[in-house]
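Work through the exercises below with the structure in view. Each task is followed by a solution in steps.

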Amino acid sequence: MPPAATQAGVFLVWLAARDVALSACTQADLDAWHAEKYSTRRPAQAFLRWCMDSRPMPRLIIPNRQTANPHPMGQHQRVAALQRVLADASAPLRVRVAACLVLLFAQPVSRIVRMTVDDVLRKGQHVALRLGDPPTPVPEPVADLLLNYLQALPATAPAINQNSPWLFPGRRASQPMNPATLRDALP
C-alpha cells in the first residue's frame with residue numbers, strides 16, 4: 001500500500017479513536033494530528049485536500065512546516081527571546097502576544113490564530129489559556145500583556161471584524177488572521 005494511503009487510513013483511525021467523524025473534524029484536530037509526527041503526516045496531505053475539496057471534511061488549513069530539520073531553540077535562547085519580546089514596547093501588542101504564546105507554550109501559529117477571546121480565562125488574579133484540558137496558567141508578565149491586548153482588541157480589530165470572537169481577528173469578516181501574515185510579523 002502506498003504511504004499516502006497508509007497515512008490516510010492512520011488519520012481516519014486516529015479521528016475515530018477521538019470519537020470525531022471526518023465531517024466534524026476541526027482545525028484543532030488537524031493541528032493536533034500534525035503536531036504528533038509531522039514528517040509522517042505529509043503523505044496524507046493529498047488525501048486531506050481531496051476530502052476538503054469533495055466536501056466530506058470541512059475546509060481547514062493544513063499545517064505546513066519546513067521539512068529541513070532546523071535546530072530546535074534551546075531553553076536559554078527561548079527565555080532570552082521571550083525577554084526581548086516582553087521588553088520591546090515598540091512592537092505591536094498583537095505581535096508581542098503572539099510571540100509570547102509561541103515561545104512560552106510552543107504553540108504553532110496556525111493554532112494560535114484559531115484561538116478565540118473565550119479561550120482566555122480569568123479567575124480573580126489568575127489568567128489561563130484553554131490550550132487543552134485543564135486550562136494552562138499564564139505566568140506574569142505575559143498574563144498582563146495578554147489582558148492589555150484583550151482590552152485594546154476592539155479598537156485595533158479590522159473594521160470588518162469588530163465583533164469577531166477571534167483572539168487574532170483577520171481582515172475578512174468572521175475569519176481569524178491568516179497564519180502566514182502573523183508568522184511573517186513575528187520577530
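**Exercise 1.** Are Phe 11 and Trp 33 buried or exposed? Then classify the geometry of their ring pair.

*Solution.* The model is a predicted one.
Step 1: Phe 11 and Trp 33 are both buried.
Step 2: The ring centres of Phe 11 and Trp 33 lie 4.8 Å apart, with the planes at 65°. Planes over 60 degrees apart count as edge-to-face, so Phe 11 and Trp 33 make an edge-to-face pair.
Step 3: Phe 11 belongs to helix α1 (residues 3–17) and Trp 33 to helix α2, so the pair, 22 residues apart, links distant parts of the chain.
Step 4: Together with Trp 14, Phe 11 and Trp 33 form one aromatic cluster.

**Exercise 2.** Characterise the lining of the second largest pocket.

*Solution.* 
Step 1: The volume of the second largest pocket is about 210 Å³.
Step 2: Its lining residues include Asp 31, Arg 111, Arg 130 and Trp 166.
Step 3: By type, the lining divides into five charged, four nonpolar and two polar residues.
Step 4: Helix α2 (residues 27–36) gives the largest share, three residues.

Note on methods:
Residues numbered from 1 in each chain as written. Predicted model: local features only at pLDDT ≥ 70, side-chain atom pairs only at ≥ 80, totals over all residues. Heavy atoms only, no water. 1 Å grid on protein atoms, 1.4 Å probe; cavity = no way out; pocket = protein on both sides within 12 Å on 5 of 7 lines; lining within 4 Å. Points joined across faces, edges and corners; volume = space filled by probe spheres on them. Helix = DSSP H or I, 4+ residues; strand = E, 2+ residues; numbered from the N terminus. Nonpolar A, V, L, I, M, F, W, Y, C, P; charged D, E, K, R; others polar. Phe/Tyr/Trp six-rings, centres within 6.5 Å; stacked < 30°, edge-to-face > 60°. Buried < 20%, exposed > 50% of the residue type's maximum accessible area, 1.4 Å probe, protein only.
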